[in-house]
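Please read it alongside the sequence and coordinates shown here.

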Amino acid sequence: MDLLNTLVDKGLRRELPTREEALAVLATSDDDLLDVVAAAGKVRRHWFGRRVKLNYLVNLKSGLCPEDCSYCSQRLGSKADILKYTWLKPDEASKAAAAGLAGGAKRVCLVASGRGPTDRDVDRVSDTIRTIKEQNEHVEVCACLGLLSDGQAERLREAGADAYNHNLNTSEGTYADITTTHTYADRVDTVQKAHAAGLSACSGLIAGMGESDEDLVDVVFSLRELDPDSVPVNFLIPFEGTPLAKEWNLTPQRCLRILAMVRFVCPDVEVRIAGGREVHLRTMQPLALHLANSIFLGDYLTSEGQAGKADLEMIADAGFEVEGAGEVTLPEHRVEAAGGCGSVCGSHEGCGSHEGAEAHGHGGADVCGHEGGGVCGTAAAPAVQEARTDLVAVRRRGAGTDLAPNA
């Protein structure tokens, strides 16, 4: 397929595909899916080999958020029956983090619901970061606290944070349809603040909120322009009690095409499969490892994930290996460009305020009949997927409970 050969060549050169080429990936047929995965897999292996980075979420403060993000189980007015608790103490958070690190995680993502941290909250999280770093050698810490005010990113960096996550989630054109209590520009500003403070920027998206292929390409091209070190790709988890509870249109094939498109547009960044992989990729999760080089281990913020042991077995069975604590995640040219930050450092659900919390999903579409993989601008109508509410389990263990975590 000429399209895929072109995209592989561009990916190996870090050259940006055209919008038409990115749209064509999303419009490929199921018959061509394995070819798409194989092509994007060449780009993934060129920059990251067969390593898989493991990340672990610790929900420092759960629920009762004043923001109205439609996808989130912690949103204002949510009827979802999730855990609700205020800030974990530093030693409680460190204990939760240690469970993930013992399971092979390299990075801990400290997440808190809310619009953004107060200065007192930054002090509290700084104490937690220092405690985790003192008790766990070589750990990376990513803070995910919402919108940042001036000077807060610098304070987190001084406390030892390696990265900051804040997802764009969807395109600028559709953002106001998803959230009204803050703007797309607010999110971009926070990512830029983190980057300017010397933190490794982490920013991604949520697929499956009713967006078009054009919206998906828009947000991924915007992410490429922001140049984060890591891009979490979340697939909407349609929580009962949220406005998007009925959005059940993602298929495993659609998820793989989205991940492939992200890899082609962002060839040399850490692409992370975040929330919703178990719900929407299901038995095709191992194929996704050929596209992404990073996943979350165990549970998410308010939902349960696949058993940690099963994650490790899946990685080994698929012929991949867990990235070690001493290994550098990013390609050398990105490490040098970051001035050292992001060398070992690199979301609904991704790590990223609650917005990444429980990643959520919908989508679906194929068909491009052009011989040689020519660009096709029109995909077939989405195939509606039967709701799989049995795959959505509210987290009742780990942080905020007396039960052992899944790690």
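## Helix packing, cysteines and phi exceptions

Helix α1 passes helix α3 in a right-handed crossing. A crossing is right-handed if the near helix is turned clockwise from the far one by less than a right angle, and left-handed if anticlockwise. The model is predicted, so local features need pLDDT of at least 70 and side-chain atom pairs count only at pLDDT 80 or more, while totals for chains, interfaces and linings use all residues. Residues are numbered from 1 along each chain as its sequence is written, and side-chain values use heavy atoms, with hydrogens and water left out. Helices (H or I, at least four residues) and strands (E, at least two) are DSSP runs, numbered from the N terminus.

**α1 and α3**

- Helix α1 spans residues 2-12 and helix α3 spans residues 33-48; their axes are 9 Å apart and meet at an angle of about 10°. Axes are lines fitted to C-alpha atoms, for helices over the stretch in contact, and angles run from 0 to 180 degrees between N-to-C directions.
- The two helices are therefore roughly parallel. Angles under 35 degrees count as roughly parallel, over 145 as roughly antiparallel, 65 to 115 as roughly perpendicular and the rest as oblique.
- On the α1 side the contact uses L4, L7, V8, G11 and L12, and on the α3 side D35, V36, A39, K42, V43, H46 and W47. Contact means heavy atoms within 4.5 Å.
- By class, the contact of α1 with α3 has 8 nonpolar, 2 polar and 2 charged residues. Ala, Val, Leu, Ile, Met, Phe, Trp, Tyr, Cys and Pro count as nonpolar, Asp, Glu, Lys and Arg as charged, and the others, Gly among them, as polar.

**α5 and α6**

- Helix α5 (residues 119-135) packs against helix α6 (residues 152-159) at an angle of about 20°, with the axes 9 Å apart.
- This makes α5 roughly parallel to α6, and the crossing is right-handed.
- From α5 the contact takes D119, V122, D123, V125, S126, I129 and R130, and from α6 it takes Q152, R155, L156 and A159.
- The residues of this contact divide into 5 nonpolar, 2 polar and 4 charged.

**α2 and α10**

- Helix α2 (residues 19-26) and helix α10 (residues 252-265) have axes 8 Å apart, at an angle of about 155°.
- That makes α2 roughly antiparallel to α10, with α2 passing α10 in a right-handed crossing.
- A22, V25 and L26 of α2 meet R254, R257, I258, A260, M261, F264 and V265 of α10.
- This contact has 8 nonpolar, no polar and 2 charged residues.

**Cysteines**

- The structure holds 0 disulfides, a disulfide being a pair of cysteine sulfur atoms within 2.5 Å.
- C109 counts as buried at 0% relative accessibility, and C255 counts as buried at 0%. Buried means under 20% relative accessible area, exposed over 50% and partly exposed in between, with a 1.4 Å probe and protein chains only.

**Positive phi**

- Most residues other than glycine have a negative phi.
- N169 is not a glycine, yet has a positive phi of about 75°. N169 is found in the loop between β4 (163-165) and α7 (175-178), and counts as buried at 1% relative accessibility.
- D227, also not a glycine, has a positive phi of about 60°. D227 lies in the loop between α9 (213-226) and β7 (230-235), and at 35% relative accessibility counts as partly exposed.
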